[in-house]
Amino acid sequence: MKQGKILLILALLCLLGLGVFGCRGTQPQGWSGAVAYDGILYIGSMDGNIVAVNPSTRSQGLSFPAEGEWACPVKFSGSRGQTACASAVAQGNIYGTPSVAEDFVYVGVCDSKTLEGKVFAINPSVRIRGIDFPAWTEGEWIYPPPQISGTGRTQFGAVVGTPVIAGDTVYVGTSEGKVYALDAEKGYCKWQFELEGKIWVSPAAQDDIVCIGNFDGELCALSTQDGHLLWKFEAPAAIASSPVICDDCVFFGSFDRCLYAIDVDSGEEKWKFQGGNWFWTCPLVDGDTVYASCLDHKVYAIEVKTGKELWQFDAGDPIASAPVLVGDLLVVASQSGEVYVLKAGSGECERSISLGIPVLAPIYAREGIVYAHAKDDFLYAVRLQTGEIVWKFSLAKRGW
Amino acid sequence: MILDPLLNSLIALSNVLFGNFGLAIIFLTIFVRLILLPLTLRQLRSTKAMSALQPKLQELQKKYARDKEKLQREVAKLYKEGGINPLGCVWPMLIQMPIWIALYQSIIRALAATPENLLDLSQHLYSWSMVSRAVPLNENFLGLNLAQPDTTLILALLVGGTMWVQQKMVTAPAADPQQRSMNNMTLLMMPLMFGFLVLQFPAGLALYWVVSNIIGIAIQYFVSGGWGYLRAPSVLAPAASGEGGKVLPKPQAKPTSKRVSK
């Protein structure tokens, strides 16, 4: 009997250990970056809200919402495939940075439990008035629309990347492996193209080409007119780094630890650069230099034409956040919460600012201030010249 | 120390097995169980020896029901004479636990169901090209999404059922009401709890549990020479049944016909 009790206690400890260690690994939160439009920053919070933040009122410490500010929750209701324990209305996870065009904010969201996604078009002037979302008559929309989603007729996968707007079209990739071209004004689907592998990246659009990569290692170039395939490049491993198109080249990173440069017209490889781990973020191109941050703790500056390394900087921790250029300074944040200000020409570190909280979201810079969305769901505003944290603002629980 | 080698082995194995992660889970579970077989056998033998002592233990409990100190001394003497450590079945399990937890953690990490998981995975992978190129893994197996809980209840029933069978095979029926109560509670609670938890965990983890339990049943079958106490009644008749002190039925090696009382 004593043995039975001991075994029972051990078994219960084992179960407790399973719970403590986290049966599902890291919980999904999202890592949306910020984008500015007309003096307002738009960003996705980790509890499923699109938040409009006015830097001016934040620096004055006014209560939220102040002038121009609002929060809009993104919800999934009646999702398929949920267990009986799940709530009927679930919050969305926002991984992509919102896009802004023609006074509208576009964002892709996902429900990590059911792997469904949606694209939201939000009218800030309506949000300020506090009208329920979506205000269809004011131009707001959701894709897929509620009357279709949840009926089994449309499977719209999770959106992990950022929707990209080119002209009057919103381009987005989903985890079901499809690329959608949505009408920016009305929200209907103009065309869709199906790839084999899951898409967790943002597309890149230039002129009449839109490029996107997937987990099967395929980088595809599609015609913006009707979505037909122009060319396909097959990398040896998955692509989780969003491509960037600059002039005649597409740059992207792959899970074979290489950064690739592909000719945008032919799809032929120009060069590839070997790193020490995955190139996770979208590369940044400025003139004849491409800057790529890598999970091997380094930022690389690489010559656009030849793929030759110009310099590298070791941040000491993985870099999952896309860097940003401010004049001749390159700003990059590491997963340990250190923000480094480097000279873009040499990689020399001018200063480092310690936020103390991991940063996974892309950072944004404007008018001498760097905005970093850290893992504590605070938006930090850091003055570039001095490294001073001007203000920080909690994005959590703003819309519920 | 254990997690990264297991994790990378799992991913490499998946690459070898035509990108089939479900098969990789099955193969690695079999491999880990084989490595732990000496410990498992030791545990089972210890449990078996303890079960064989049950009649004598119950006699002692009746004889010294009012003298706890004397009972403890006699029980300790009985264990010593039989060369049995009462915790002999426990420490092999304690040694195996970190390995099981590492295997279960490696399955969770390898699946990388969310972007955060995938990002975290990058820091645990070796530089083998067959590993980096295999990620992210194909999470589909026999109609299941290994990264999501199985909502069909099939895996929950399989996990609970196999766990119950495995426990029942080694749980001797008891005449003592308290012992019987403890046995029943253990027999029911663990399968129910794990069956319920399976509904919350990714199906890949449930697959590992099912395979591990089936292997455990097979090992038990060959060690015991049969199905053990699986078909024994859970409640025994009292010792004063005129059976000459043989309270426990022998574990059945083969299916037998019913005994007809005279």
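This is a short tour of a predicted model, one selection at a time. Residues are numbered from 1 along each chain as its sequence is written, while chains are lettered from A in the order in which they are written. In this predicted model, local features need pLDDT of at least 70, side-chain atom pairs count only at pLDDT 80 or more, and totals for chains, interfaces and linings use all residues.

**Chain A.** Select chain A and colour by secondary structure. There are three helices and 34 strands. These are DSSP runs, numbered from the N terminus: helices are H or I with at least four residues, strands are E with at least two. Of the 400 residues in chain A, 48% are buried (20 or more other C-beta atoms within 10 Å of the residue's own, with C-beta atoms placed from the backbone).

**A:Phe120.** Select strand E9, residues 116-122 of chain A, and find A:Phe120 there. Why does A:Phe120 count as buried? Because A:Phe120 has 25 C-beta neighbours inside 10 Å. Leaving out residues up to four places away in sequence, A:Phe120 touches A:Val74, A:Val107, A:Val109 and A:Ile142. Touching means that C-beta atoms, placed from the backbone, lie within 7 Å. A:Gly267 is 147 residues from A:Phe120 in sequence and 32 Å away in space, C-alpha to C-alpha.

**The core.** Next, select A:Ala372, B:Ile107, B:Val159 and B:Ala206. These have the most contacts inside the largest nonpolar core, which has 172 residues. Helix H11 of chain B, residues 203-224, gives the largest share of this core, nine residues. A nonpolar core is a set of buried Ala, Val, Leu, Ile, Met, Phe, Trp, Tyr and Cys residues joined through C-beta atoms within 7 Å.

**B:Ala206.** Finish here. Among the residues B:Ala206 touches are B:Asp150, B:Leu155 and B:Val159.

Terms used
A residue is buried if 20 or more other C-beta atoms lie within 10 Å of its own, exposed if 12 or fewer, and partly exposed in between; C-beta atoms are placed from the backbone. Two residues are in contact if their C-beta atoms, placed from the backbone, lie within 7 Å.
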